[in-house]
Amino acid sequence: KMTCLTDAYEPLSRIIPISKNKLTPYRAVIIMRLVVLGLFFHYRITNPVDSAFGLWLTSVICEIWFGFSWILDQFPKWCPVNRETYVDRLIARYGDGEDSGLAPVDFFVSTVDPLKEPPLITANTVLSILAVDYPVEKISCYVSDDGAAMLTFESLAETAEFARRWVPFCKKFSIEPRTPEFYFSQKIDYLKDKIHPSFVKERRAMKRDYEEFKVRINALVAKAQKTPEEGWVMQDGTPWPGNNSRDHPGMIQVFLGETGARDYDGNELPRLVYVSREKRPGYQHHKKAGAMNALVRVSAVLTNAPYILNLDCDHYVNNSKAVREAMCFMMDPSVGRDVCYVQFPQRFDGIDRSDRYANRNVVFFDVNMKGLDGIQGPVYVGTGCCFYRQALYGYGPPSLPALPKSSACSFCCCCCPKKKVEKTEKEMHRDSRREDLESAIFNLREIDSKCTNYTTTSMSGPCLSPR
């Protein structure tokens, strides 16, 4: 018990500097290249070509620009760092299970065209989110359908039904990865280290259920290849509101959640919400950023989790404990208040071992991003990022209120006695700024008071970004 109590007050993460034996030779090479570059520019500038002065000047300008770009590219690689998380300390501090003190997390998944972004891939992404190793009542998945396609809606309904079997199966046998397509495609001995004698039988049944699920999804895709002249019609006979993808009302449908369907073992499932934002002609609202803003507003009313993790529809969670690793930074009292977001690297499947076309982006994620983390913080790459919600809302207006002007008596020293100035202009400016910073544009406490019914409560090597 004393050990657990000690772990609860230990830091939840730490920085692991790169060994100097690895960095020193690389830095020496950078300095050597910089010296050679300087000598090269000195020679080029001091030896102009008079017979082709315009061409010489153009080439020198281009060379200087490329040299300057190279220098900027070396800064992120000068001081890279690694980070290590302690999930066991997180559990010791905040607990686990239903009474856990872990913060809720809202997942955002965005898709537009189901014919270009196959619904089966989106379904696998959603299933990996619903099956993460995190308290189910603290997980919510919002799927943004910016194309208002009935195919996406129906495939999400099929996904919700299949999740009732897939989620308990993953948690019962600690399945990794928790994406059925990639789990069943692994060529490994799945009988190794499996204690439950019923695992083989249940795995075969689950694989058969998944194959049937794929057949149903592919049937929906085949059906959607040709749109009826009168438009799509829902099961109750009413027209699908999104038949005109550029002019339709907002649509929200909750498939799973606190009051929705439970899994086949009778346990609660994470929330699954379909969202298609309102579209009207004449407005430029067909981009991903606008869809994310719509999800921020919808989730603020339904769940209002303090943290948001967004994924593309084809990027699944390949580590079920990734959310806990992000919370090791976000919920750490020593560093959490200074962190705006945690950016996870991307890992890609289906690439040859040699990676001859550099599709894995190893240099970017394993070198540049870690180098930026050592300087100040990584850049946001658009997916696989856990945000602090309040940091997205912002604090205060862009301009501070004007300071009160001095009264006329300040110029009439012979008529009015001088009064003691309580605060200088600098202090008044600082106080007014502090008041603005303390009042958020979108007050989370106001949402909590309105939505009490809802607010009761391998991604590895993340990088941090300060606020």
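The model is predicted, so to speak of local features we need pLDDT of at least 70, and side-chain atom pairs count only at pLDDT 80 or more, while totals for chains, interfaces and linings use all residues. Residues are numbered from 1 along each chain as its sequence is written, and side-chain values use heavy atoms, without hydrogens or water.

I start with the record. An unreviewed UniProt entry lists Ser110, Lys116, Glu117, Asp146 and Lys287 under "binding site"; positions are in the numbering used here, feature names are shortened, and annotations may be inferred rather than shown by experiment.

Take Asp146. The loop between strand S4 (139-145) and helix H6 (150-173) holds Asp146; helices (H or I, at least four residues) and strands (E, at least two) are DSSP runs, numbered from the N terminus. Is Asp146 buried or exposed? Asp146 is buried, because its relative accessible area is 8%, and buried means under 20%, exposed over 50%, partly exposed in between, with a 1.4 Å probe and protein chains only.

Now Lys287, in the loop between strand S6 (271-276) and helix H9 (288-302). Lys287 is exposed, because its relative accessible area is 61%. Leaving aside neighbours within four places in sequence, Lys287 is in contact with Asp146 and Arg277, contact being heavy atoms within 4.5 Å.

Last, the strands. In S8 (residues 339-343), 5 of 5 residues are buried. S8 pairs with strand S9 (residues 385-388) in the antiparallel sense over 3 bridges; pairing takes at least two DSSP bridges. Tyr341 stands opposite Phe387 in S9.
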